[in-house]
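Morning, everyone. Let me put the model up, and then we'll walk through it piece by piece.

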Amino acid sequence: MIEAEGLTKVYGDKTAVGGVSFTVQAGQVTGFLGPNGAGKSTTMRMIMGLDTPTAGTVTVNGVPFARHTAPLREIGALLDAKAVHTSRSAYNHLLAMAATHSIPRNRVHEVIDMTGLAEVARKKVKGFSLGMGQRLGIAAALLGDPQTIILDEPVNGLDPEGVVWVRNLVKYLASEGRTVFLSSHLMSEMALTADHLIVIGRGKIIADAPIKDIITGKGQSRTRVRSDQPDRLMHVLAGTGVSVELQDHELLEVTGLDPRQIARSALDNQVLIYELTPLQASLEEAYMELTKDEVEYHSLITTGAPVPAQSGGN
Amino acid sequence: MSTSTPIQPGPGRAAIRNAASPGPGPSFFRVLNSEFIKFRTLLSTMILLASTAVVMVGFGALSAWGTGQFADRAASDPEAAAAIAAQGGDLAVTVPTSGVAFAQLILGSLGVLLMSSEFTTGMARSTFAAVPKRLPAFVAKLVVVIVSAFALTAVSTYIAGLAAVPILDNFGLKLDLASAQSVKLLLVTSAYVAAVAAIGMALGTLLRNSAGGIMALVGLFFVAPIVFQLIPGDFFEEARKYLPGNTITPMTAVKHVPDTLEAWQAALVLGAWVVAPVVLAIVLLKKRDV
């Protein structure tokens, strides 16, 4: 279990992580989702004791990482695919890591086989593709057979077979009762892998809920309504917690009311409606919705050529 | 790469393991072993070590030949004879260590690189995730650097001596590698080079940059003495004696030369030059983010 309490990291005048609190439970895959630059990697480095928090605390199984007597046997982490001296072979890298905890040589061979690196283990890491580097990072994370596993963007650069492998691996690890904390900026990947989702944007936690709730919770209350009296319907539906947006001639999008309530109001007020469609947001849409105000960089795409990304104005 | 074994991270050890004692952790000797594995598994390290040995032995042989020529000339040239007399009459004894200026540069740079490369490659994140207290990893690396620099210099000096003996013999000069002065020179020079390597490692830790660390080392050992010599004034002339690169001469002198540091003073000065950056490096290493 990982517990963060008011975790903060400030670089100069820029707040990378702004007082986040969350708990990552054992026995499930917890996704850590956020756009690039949201503070995911910084948070993970603070968990691993590599960056000192400006304020707040984070513990792994109740103890700050640096105070564990055998850190690699408690927590394994892939923080950066190339946290390796690239002139050393993958095997020697793992051997040196294993030596710090007297992890036997056969465990080194085990993790090499497990991650499919057997053919290249004796080669210098310099020549590795990004995907092979990721596999080596995962091998290093698993070396101490840890109870808690932290993976920062593990599917980055992996081929499709590797992506499926990571997905199955993390699910298997969680099913063994381990704590698995996995970051990604890809909502679609999280939808397939995570049981629980912590969404971060601009250093703040935006959502922390089971993935099912995040998919349904955000999308449920949006309904598309067509009526020949849109202005009158807008007036009728207005109320606290309800927003009605006129999207097109006679087309409304209603948030905060379910279709039955909308139909009831229309009937009571003698307004004809000729379409009533509940909109189930996809996870991707829910994510965009959650983070639209929190991303640092927006791209402005007008008709025609894409415009270079501009620094976010809000 | 095309196939991955079905997932089997461990035989469910996580579930059955005793939570109170997860297994051995990073004790100092385990970390030392790890640092030694890291040291011996880099080709670049081995190349630097080999070049040091080649340079030491090569200079020893070259210096033996040059010294022989000089001694020959001394037979007919009273000025050269006087120079030999000033050296205590024994030119041959310094021959095996004549490559030390280059050995200290190479092994000092190696000291820089062994730590700076941790940061430039990102390896430091792996190293300090495994040893989050950081100090044991630093000390272990320092031990590896010091021991390897000392051992390599000592062995290369001895081999250089073995190569020099027959050459000197040609010129009728005797070199006894087992004499007290030869042994003292070998040990003091090796300790000096080990100290330079330790300073290099501290610089690599402080600057986290290979080029910057080596530049700082070269500046301290090669540029500063010249600059101090060029600037007029008693202060710089006096201060010059306290530069780390100028401590080797008093430490290896046969007898004390007036207006220089005593051997023990020079040793203390060199010690201070090692301790100060090492302590600073440890303090900052503990404090800074990796």
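**Around A:Leu143**

Start at A:Leu143. Leaving out residues up to four places away in sequence, it touches A:Leu72, A:Gly76, A:Leu94, A:Met97, A:Ala98, A:Ile103, A:Arg107 and A:Val111. By contact I mean that two C-beta atoms, placed from the backbone, lie within 7 Å.

A quick word on the source. This is a predicted model, where local features need pLDDT of at least 70, side-chain atom pairs count only at pLDDT 80 or more, and totals for chains, interfaces and linings use all residues. Residues are numbered from 1 along each chain as its sequence is written, while chains are lettered from A and ligands numbered from 1 in the order in which they are written.

**The cores**

Which residues have the most contacts inside the largest nonpolar core? They are A:Leu94, A:Ala139, A:Leu143, B:Ala197 and B:Ala198, and that core has 153 residues. Helix H8 of chain B, residues 180–207, gives the most to this core, with 15 residues. Apart from it lies another core, of 10 residues, including A:Leu237, A:Leu252, A:Leu257 and A:Ala266.

Two terms here. A nonpolar core is a set of buried Ala, Val, Leu, Ile, Met, Phe, Trp, Tyr and Cys residues joined through C-beta atoms within 7 Å. Buried means 20 or more other C-beta atoms within 10 Å of a residue's own C-beta; exposed means 12 or fewer; partly exposed is in between; C-beta atoms are placed from the backbone. As background, nonpolar side chains tend to be buried together in soluble globular proteins.

**Chain A**

Chain A has 314 residues, and 47% of them count as buried. Its elements are 11 helices and 15 strands. Both are DSSP runs, numbered from the N terminus: helices are H or I with at least four residues, strands are E with at least two. Take the contacts in chain A between residues at least 6 apart in sequence: 67% join residues at least 24 apart.

The chain is divided into domain 1 (2–210) and domain 2 (221–279). Those bounds come from an automatic or database domain assignment. How far apart are the centres of the two domains of chain A? Over C-alpha atoms, 46 Å.

Now helix H3 of chain A, residues 90–99. It is mostly covered, with 10 of its 10 residues buried. A:Leu94 and A:Met97 are among them. The buried residues of H3(A) pack against helix H4 (105–114) and helix H5 (130–142) of chain A, together with H2 and H6 of chain B.

Next, A:Met234, in helix H9 (residues 230–237) of chain A. Buried or partly exposed? Partly exposed, because A:Met234 has 17 C-beta neighbours inside 10 Å. Setting aside neighbours within four places in sequence, A:Met234 is in contact with A:Val244, A:Leu246 and A:Leu252. A:Val254 is 20 residues from A:Met234 along the chain, and their C-alpha atoms are separated by 8.9 Å.

**Chain B**

Over to chain B. It has 12 helices and zero strands. Its C-alpha atoms fill a box of roughly 85 × 45 × 35 Å along the principal axes. Of its 290 residues, 44% count as buried. Among its contacts between residues at least 6 apart in sequence, 78% join residues at least 24 apart.

Look at H5(B) and H6(B). They pack at an angle of about 105°, with axes 5 Å apart. So H5(B) is roughly perpendicular to H6(B). Axes are lines fitted to C-alpha atoms, for helices over the stretch in contact, and angles run from 0 to 180 degrees between N-to-C directions. Under 35 degrees counts as roughly parallel, over 145 as roughly antiparallel, 65 to 115 as roughly perpendicular, and the rest as oblique. From H5(B), B:Ser117, B:Glu118, B:Phe119 and B:Thr121 meet B:Met123, B:Ala124 and B:Thr127 of H6(B).

**Where the chains meet**

How many residues does each chain give to the contact? Chain B gives 41 and chain A gives 50. On the side of chain B that touches chain A, the elements giving two or more residues are helices H1 (13–16), H2 (28–40), H3 (43–74), H5 (100–121) and H6 (123–130) of chain B.

Last stop: B:Gly23, in the loop between H1 and H2 of chain B. Beyond its neighbours within four places in sequence, B:Gly23 is in contact with A:Ala70, A:Arg73 and A:His101.
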